[in-house]
Amino acid sequence: MSAAGGPAGSANATPLLRVEDLRVEFATEDGVVHAVDGVSYQVLAGRTLGIVGESGSGKTVSSLTTLGLTRHEGARVSGRILFEGRDLVAAPESELRAIRGNEIAMIFQDPLSSLHPFFRVGGQLVEAVRAHRDVSRQVARKRAIELLGLVGIPDPGRRVDDYPHEFSGGMRQRAMIAMALANEPKLLIADEPTTALDVTVQAQILALMERLQRELGMAIVIITHDLGVVAEMAHDIAVMYAGRIVETGSASAIFSSPEHPYTWGLLKSIPHLTGSREEPLVPIPGTPPSLIRPPSGCHFHPRCFYAQPEHARIDPGLRPVETDPAHFVACLLEPAVRRRLWGELSAGRTPDEALKAAGPVEGPA
Amino acid sequence: MSRFVIRRLLWGVLLLIVVSGLLFLFFRFLPTADPAKLRAGRLQNPRIIAEIRHDLGLDKSTAAQFWLYMKNLFLHFNLGYSYYSNAPVKELIVSRLAPTLSLVFGGAIVWFVAGVGVGVVSARRAGSRLDRAVMGTALVLVSAPEYWLGLILLYLLASDIGQLHVFPGAGSYVGLTSDPVKWFEFMILPWLVVAAGTAAVYARLVRGSMIETMAEDYIRTARAKGLPERRVVLRHGLRSAINPVVTVLGLDTGVLLGSSVLVETVFGIPGIGRLNYTAITHADFPIVQGTVLLAALFIIVANIVVDIAYAFLDPRVRYG
């Protein structure tokens, strides 16, 4: 998989972050969990990569590993994570600490539980500033107020002394973003930043992140299960399933001509406000596989409508799509068959109908 | 907040009145010797006993006695007089307060610091050999009775009867104000004994609380900020993990203030516990009554202090 490891985005710029064949395993009482199983992607400066997948697909673990935060949980990590040429997998804790919250910052899903309940919002921001800048408390506090203003908290000079529980959900996530921006990072990793928020607040937070990206020129990795969020934000998309990337490419390519049956499933299982009500939602059958004993061959084959017997044996690597060298997919179906199937599905047919209409589905490539 | 405090204080006073009433009834109806006869000592002649009975108000009706007792207690803070020495109980208690406070507050500091320190280290290395050794020791200490532990330590380390002459022996208590160094030297063993079992309980409590806290999202945030691990553990982790411990610290201190009988007796510390012990052996009920009331007072005050402390420890708690 690493050999074919697909870059996301155009290949002619030096990436800010390059992840190569990343593997993360946790030893548990039930066995070794292969949370991330050979993942490669890259993020270009100032761009947004969306990592999409169900819970348990390894998207959060791969990002936490970027900051070295899985070390505390006894993870075994291999592969490389190159940030401006430095390998973060091999880096000592002290070097990682200097990068965390400084050059790479992260925000999390639940802003209430992610803020310390006993410390004032301002104090937590001051701490973020002073973790990397040798400035006085007063200077850091001024910066904290400025940051809260930047992320759109009204009356920041007063709210800086509030406790997190005195903030609304949206304000808490704004405060988390402010904390992440404290040292003007080059890369912001946002792990499900809007999942815990009301729909109206979600849009505000996404708009805020886009504005800040324009103003500060930082790159963003946004991790989500919500294709609506990546459609809004991402330039490039990586779709993860069971610890692997199964498809990656530009956002427009993924939305207009998805190649992987799992991506089709994700696209067909979200309702469209503009679509016909008659068009049925097609959920992906089954549940995400165990990462202790992942399925053989193509990890998706047990849930795939179009799987052939040999797909349980052969491990599909990520390979470029003929028509688009920046678009990669890990699927054993013939490219022509895939195109016919997606054609039928996007016309509103169910997987069964698509399978019939598309004709015989045979043999690996 | 102030409304809450006032309300709690009023409840505390009410509770004390109820406890006093119950105490009166206990000592009134429990089978016991005639206080007047006890008071008379060797002069057991009916005239003197009748005189004493009259002096103590024992010839009045139960209701009148109750009223007198409550009036003396709450209007004059008069706890009565010792049957044995005729000394005012209040003065006896006040004169015995300093040794008990020395013992309990010193012990509380020892068990709090030891318990929290050991708990944090154990939590950070949960499952390691060190963790298992420490938690095993804790179990032994919890199970060891105080008087046994006290006697063992005296046998090993006291300057009079000990195998090694390290610490002053039982009965050599010196007041803090008269000689701080001697006071400290003497108090070390009693503090260790008082603290041992409680420190072990606290270590287990802190360990569990700390392991839980370190899995919280805000700990991940603290690490993601790039804070040193030390600061993550001691500021962000311990700040949360310590809350349940502070609660029990207040209550344990309050309880121990009223019940340090065993340790004071083993080490011959002239405190409230020892006063109580002697009073029980002499059936000197006014003193027993006084010390029990004092214990109730300590526990009620400790409860109020804990509640108020909670509002400061956890900003989400606000009392209306």
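Me: A residue counts as buried if 20 or more other C-beta atoms, placed from the backbone, lie within 10 Å of its own, and as exposed at 12 or fewer. This model is predicted, so local features need pLDDT of at least 70 and side-chain atom pairs 80 or more, while totals for chains, interfaces and linings use all residues. Residues are numbered from 1 along each chain as written, with chains lettered from A and ligands numbered from 1 in written order. Which residues of H7(B) are buried?

Reply: H7(B) is residues 146-157 of chain B, with helices taken as DSSP runs (H or I, at least four residues) numbered from the N terminus. Trp148(B), Ile152(B) and Tyr155(B) are exposed, on the other side of the helix. The buried ones are Leu149(B), Gly150(B), Leu153(B) and Leu154(B).

Me: Why do those buried residues line one face of H7(B)?

Reply: Look down the axis and take the directions from it to the C-beta atoms. The buried residues line one face because they fall within an arc of 135°.

Me: What covers the buried residues of H7(B)?

Reply: Contact here is C-beta atoms within 7 Å. The cover includes two helices of chain B, H8 (180-214) and H12 (261-267).

Conventions: The expected span of a helix is 1.5 Å times one less than its number of residues.
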